[in-house]
Each structure stands twice: as C-alpha cells, then as structure tokens.
Amino acid sequence: MDFRPLTETERRQLHTALRGNAEQDRVILMDRRDTSFVGMTEEVTDEEVISAIKSVPCHY
Amino acid sequence: MLSSFVTSARRITDEFNRWLSGSRRPQPLPRAEKPPPPKIYKPLCRVVLTDGVGRSLFEGFAAHQESARSDEETGWVLLGVRDEEEALVLATLPAGAERDAGAAHVLFNSSGQAMASRIVRRADRRLTMLGHVHTHPGSLRHPSDGDFRGDSQWVGQLRGKEGVFAIGTVEGKSEAGAPIASQPKPHMQCWNGLCLSWYALGQGDARYRPLPVNFTLGPDLARPLHSVWSIVEKHAERLDRLCRQQADVRFEIVARQTGSALVMRVPLCPPGSEVKIILHEKEEQYHVSLNGRTFVAKPEDDRVDRALYLLLAELAGQNG
C-alpha cells in the first residue's frame with residue numbers, strides 16, 4: 001500500500017470525484033487490486049439525461 | 001545431493017498436485033488500463049457540431065418554414081459529449097409534432113425526446129444533455145428574458161452547470177438556394193437565409209454570452225430516428241416503460257414501401273428467441289421467434305406494452 005501524500009492534481013481529481021458522487025451519483029472507479037482511486041467513468045446514466053430532457057423549460 | 005533431489009521431487013509433486021486439482025500458481029492480476037481522470041469543467045470556450053448535426057438543424061429548420069406550422073416556434077434538444085472547455089454535439093432530438101407551441105413560445109414534447117434518448121444512447125453511453133436550440137419568429141437573435149428565467153434555473157443540473165443554447169432566425173434569402181453555409185460572426189452560422197446564433201449560460205451567470213461554433217466531420221446519431229419521430233412520440237411512454245422493465249431491449253429502424261418503421265426486439269428464453277414488434281405509422285405487427293420457428297401474433301390490445309405482456313403470458317401458458 002502506498003501511503004504517500006496525494007499530489008495536487010490527484011487531490012483535485014479525487015475531490016471532484018467525491019463531490020460528483022455525493023451530489024450527482026457519479027460513479028467512482030477504484031483499482032480492484034488495492035481499492036485506490038483511479039478515476040470516474042464518462043458514462044452518463046439514462047436518469048440524468050431524461051431528467052434534464054423532462055425539465056427543459058418553455059421558451060419564448 | 002540427496003537434499004537437492006528431495007527439493008526437486010517436492011517441487012514436481014507440488015506442481016502435479018496443483019495440476020490435478022486444477023489450481024494454478026496465483027498470477028498477478030493484469031493491471032487494467034486506467035480510465036481517464038475525472039473532468040474538471042471550466043466555462044465553455046466553444047461548441048463543436050458534426051456536419052450531420054448542422055445539416056439536421058438547418059434542414060429541419062427549413063422544413064419547418066415550409067410546414068403548415070411555420071408561424072410557430074420549434075426547436076431541438078442537443079445531446080453530445082461535454083469536455084472540460086468544449087461541447088461536442090452528436091445528436092438532435094426534435095421538439096416533435098406534439099409540442100406545445102405558438103408564435104411566441106415552444107415547449108418540447110419531452111416524452112418523445114426522452115424515449116429517443118434511450119434509443120440513441122444505446123450506441124454511446126457518454127452522450128449527455130448539452131442544451132437546446134429554439135427558433136424565434138422575428139429577427140431576435142438573442143434569447144429572451146423569458147428564456148433566461150427558465151434556462152438560468154435549468155443549467156444547474158447539466159455537466160459543468162452550464163448549457164449550450166442557439167436561437168434560430170429567418171434572415172431573408174441573400175442567395176436563393178445557396179448550398180454553402182457562412183459564418184458572419186464566430187457564434188453565428190447562416191445557411192440559405194436561416195441563421196443560428198450560439199450562446200452559453202452557466203449557473204449564476206447574469207446573461208448569456210456568445211459561444212464560438214465550429215464544425216467537424218461526423219454524424220447526427222439521432223438522424224435515423226427523425227424518419228420515425230411520429231411513431232416514437234405516439235408510443236413514447238409505453239416504450240419507455242418497457243425499456244425500464246425488460247432487459248436488453250433493442251431498437252432498429254427499417255425502411256418499408258409504406259414508410260419507415262421502428263422495430264423493437266425483446267429477447268426471450270432460450271437464447272436466439274425473441275418478440276419482434278414492428279411499429280408502423282398506423283399499425284403494429286408482432287412476430288415471435290421461438291425454438292427456431294417464427295410466427296405472427298395478434299394480441300388483442302393496441303397498446304404496445306399491454307400487447308407485449310399479453311403475448312408473453314400466452315407464451316408462458318404454452319410452456320406449461
């Protein structure tokens with residue numbers, strides 16, 4: 001296990017991922033060998049897209 | 001020497017036992033290729049349209065101008081990939097014939113668009129909502145105050161909390177039938193007397209800002225669906241329900257002499273068996289392929305979800 005401090009870039013990426021997971025249910029990917037953080041998936045859920053489509057406001 | 005012999009014999013015995021038991025020496029797991037790091041969204045610098053998307057928007061706008069409802073506003077939802085500073089538009093979802101529209105407003109038929117998004121996104125799960133286009137009947141190339149009130153609330157749910165918007169206006173034909181688009185300003189595209197002006201709006205922004213637009217080569221992934229849009233709208237909510245209830249449902253579009261049809265395939269057991277539902281403009285056909293035989297079914301209901309479940313119940317009854 002690598003206990004070194006995160007670099008600034010890694011810290012920002014992890015922070016973004018955690019915020020995305022907490023606020024928008026975005027998936028966080030972890031390394032299956034050691035459960036370390038490896039990134040986020042670019043896939044978007046149907047629910048996210050459909051919710052946005054269903055709430056497009058009236059335009060004038 | 002005896003010690004060396006014993007060690008070798010033990011190793012051979014261990015390997016034989018492992019082979020016999022089917023176990024193998026634990027191998028280190030291959031380290032999967034790391035996915036890209038999470039995107040850190042910044043304010044959009046530009047929007048990129050594929051040439052297919054550009055054609056869909058301008059040709060759809062031109063067709064609308066020729067239609068009986070040309071005095072109404074219309075529009076399209078834009079799906080694509082949101083990058084850190086750029087939005088790539090890959091699909092257009094029309095407002096639909098069942099939109100609520102007049103000379104000064106348009107509310108898209110979101111049921112049809114939602115169902116279409118399910119179909120389109122089966123090919124690429126990265127597609128997300130980027131924004132939308134709507135037309136103005138006059139020459140106002142900028143979103144209205146009413147647009148701002150709705151959009152400024154709505155963009156908070158988008159990736160990067162920012163949306164892409166375009167306003168379509170009729171500018172008058174400078175060159176009748178001109179086949180080549182022009183770009184008089186970085187955020188404007190004109191073609192054959194029609195103009196699209198592009199803007200971005202982020203959560204908390206006080207106003208829209210002009211957004212430079214570029215073209216790249218590529219398709220409109222939703223364009224094939226435009227030919228069956230009325231069918232998608234007609235069955236949208238029932239098809240949407242089926243997509244949520246049935247796994248591995250697939251869609252395709254087939255061209256017939258009577259017009260295009262939307263085909264939905266619902267897999268059955270055993271593998272290779274399926275119910276194929278062909279949705280035409282005015283009728284629906286049900287074909288069942290089971291154990292190498294194919295037959296036509298006529299469920300006694302014209303609602304596609306109920307008809308499918310009646311059919312599945314009948315098939316379950318035949319299996320005892």
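Leaving aside its neighbours within four places in sequence, which residues is B:Glu284 in contact with? Keep that question in mind as you open the viewer, and remember that this is a predicted model.

**Stop 1: B:Glu284**

Select B:Glu284, which you will find in strand S15 of chain B, residues 284-290. Now show what surrounds this residue. Beyond the neighbours within four places in sequence, B:Glu284 is in contact with B:Lys234, B:His235, B:Ile278, B:Leu279 and B:Asp302. Is B:Glu284 buried or exposed? The relative accessible area of B:Glu284 is 19%, and buried means under 20%, so B:Glu284 counts as buried.

**Stop 2: the nonpolar cores**

Next, select B:Met129, B:Leu225, B:Phe251 and B:Leu262 together. In the largest nonpolar core, which has 59 residues, these four touch the most other members. Colour helix H6 of chain B, residues 229-245, as well: H6 gives this core its largest share, 7 residues.

Zoom in on B:Phe251. Not counting residues up to four places away in sequence, B:Phe251 touches B:Met115, B:Ile119, B:Arg122, B:Leu239, B:Cys243, B:Leu262, B:Val263 and B:Met264. There is also a second, separate core, made of 22 residues, with B:Leu44, B:Leu57, B:Phe61 and B:Ala166 among them.

**Stop 3: helix H3 of chain B**

Now pick out H3(B). How many of its residues are buried? The count is 11 of the 11, so H3(B) is largely enclosed by the rest of the structure.

**Stop 4: where chain B meets chain A**

Finally, show both chains. The contact is formed by 31 residues from chain A and 46 residues from chain B. Together the two chains bury about 3600 Å², and 54% of that area is on carbon and sulfur atoms.

Look for the polar links too. There are 16 residue pairs in polar contact across the interface, both residues being at pLDDT 80 or more, and 4 salt bridges. To see one of these, select B:Arg159 and A:Glu48, whose side chains meet in a salt bridge at 3.0 Å, N to O.

Several elements of chain B each supply at least two residues to the side that touches chain A, including strand S2 (75-82), strand S6 (128-135) and helix H4 (145-154). The largest share, 6 residues, comes from H3(B). By type, this side of chain B divides into 20 nonpolar, 13 polar and 13 charged residues.

Key: Residues numbered from 1 in each chain as written. Chains lettered and ligands numbered in written order. Predicted model: local features only at pLDDT ≥ 70, side-chain atom pairs only at ≥ 80, totals over all residues. Heavy atoms only, no water. Contact = heavy atoms within 4.5 Å. Buried area = accessible area lost by both parts, 1.4 Å probe. Polar contact = N/O pair within 3.5 Å; in protein donor to acceptor, adjacent residues only side chain to side chain. Helix = DSSP H or I, 4+ residues; strand = E, 2+ residues; numbered from the N terminus. Nonpolar A, V, L, I, M, F, W, Y, C, P; charged D, E, K, R; others polar. Core = buried A, V, L, I, M, F, W, Y, C linked by side-chain atoms within 4.5 Å. Buried < 20%, exposed > 50% of the residue type's maximum accessible area, 1.4 Å probe, protein only.
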